[in-house]
Amino acid sequence: MADTAATDTLATSPIKERQNSLENALAHRPDQKELEERNILHPRAEISERQQELEKAMAHRPGKDDLVQRNILPHNANVAPALIAHQRELEKNMLERDLKEKLSHRPEPQEVIQKGILRPDEDPTNPRE
């Protein structure tokens with residue numbers, strides 16, 4: 001009596017149910033030809049052709065140095081991609097700060113005219129008509 005109870009529990013266990021479900025699904029699985037007709041699988045020859053095309057394209061792919069030279073890849077390719085945008089923004093802010101610093105030391109237009117670098121008619125403060 002104890003053996004039949006143990007057998008009944010195993011027959012209805014989730015593992016056994018999954019196994020039966022899998023066996024049932026495999027028994028009703030369509031064959032390869034039917035899957036190819038329904039465009040679910042591709043014929044082996046077509047896969048081989050695509051693989052050869054891909055290998056040919058990969059052989060003609062430009063190298064890393066060429067991509068860096070053509071400005072497709074950044075020069076600092078050793079930096080993580082997530083950090084590249086932050087690095088560019090930091091560089092931009094540094095350039096902006098340096099430019100403002102240099103512009104703050106730039107001589108006034110009248111001083112440049114007095115030194116003879118600009119002619120009086122080239123005064124940038126007086127717009128031309």
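## Salt bridges

A salt bridge is counted here when a side-chain nitrogen of Lys or Arg lies within 4 Å of a carboxyl oxygen of Asp or Glu. Side chains of opposite charge can pair when their charged atoms come close. In this predicted model, Arg-70 makes such a pair with Asp-66, and their closest N and O atoms are 3.1 Å apart. How exposed are these two partners? Arg-70 is partly exposed, with a relative accessible area of 48%, and Asp-66 is also partly exposed, at 29%. (For these words, buried means under 20% relative accessible area, exposed means over 50%, and partly exposed lies in between, using a 1.4 Å probe and protein chains only.)

The whole structure holds 7 salt bridges. Two of them involve Arg-119: one with Asp-121, where the closest N and O atoms are 3.3 Å apart, and one with Glu-122, at 3.4 Å from N to O. Because these salt bridges share partners, Arg-119, Asp-121 and Glu-122 are joined into one network. Glu-122 counts as partly exposed, with 27% relative accessibility.

## How to read the model

Residues are numbered from 1 along each chain as its sequence is written. The model is predicted, so local features need pLDDT of at least 70 and side-chain atom pairs count only at pLDDT 80 or more, while totals for chains, interfaces and linings use all residues; side-chain values use heavy atoms, with hydrogens and water left out.

The protein chain has a mean pLDDT of 83, and 88% of its residues reach 70 or more (pLDDT is the predictor's confidence in each residue, from 0 to 100). Which elements sit at the two ends of this scale? Where pLDDT is low, the predicted coordinates should not be read in detail.

## A chain of helices

Helices (H or I, at least four residues) and strands (E, at least two) are DSSP runs, numbered from the N terminus.

## Surface and loops

Of the 129 residues in the protein chain, 7% count as buried. The accessible surface of the chain is about 12200 Å², and 54% of that belongs to carbon and sulfur atoms. These areas come from the Shrake-Rupley method with a 1.4 Å probe.

Asn-39 lies between α3 (32-37) and α4 (44-59), and has a positive phi of about 60 degrees although it is not a glycine. Asn-39 is exposed, with a relative accessible area of 61%. Asn-71, in the loop between α5 (64-69) and α6, likewise has a positive phi of about 60 degrees without being a glycine. Asn-71 is exposed at 60% relative accessible area.

Where does UniProt place the RPEL repeat? Its unreviewed entry puts this feature at residues 20-45, 52-77 and 97-122. UniProt positions follow the numbering used here, feature names are shortened, and annotations may be inferred rather than shown by experiment.

Residues 20-45 are 62% helix and 0% strand, and their end C-alpha atoms lie 35 Å apart. Over residues 97-122, the chain is 54% helix and 0% strand, with 28 Å between the end C-alpha atoms.
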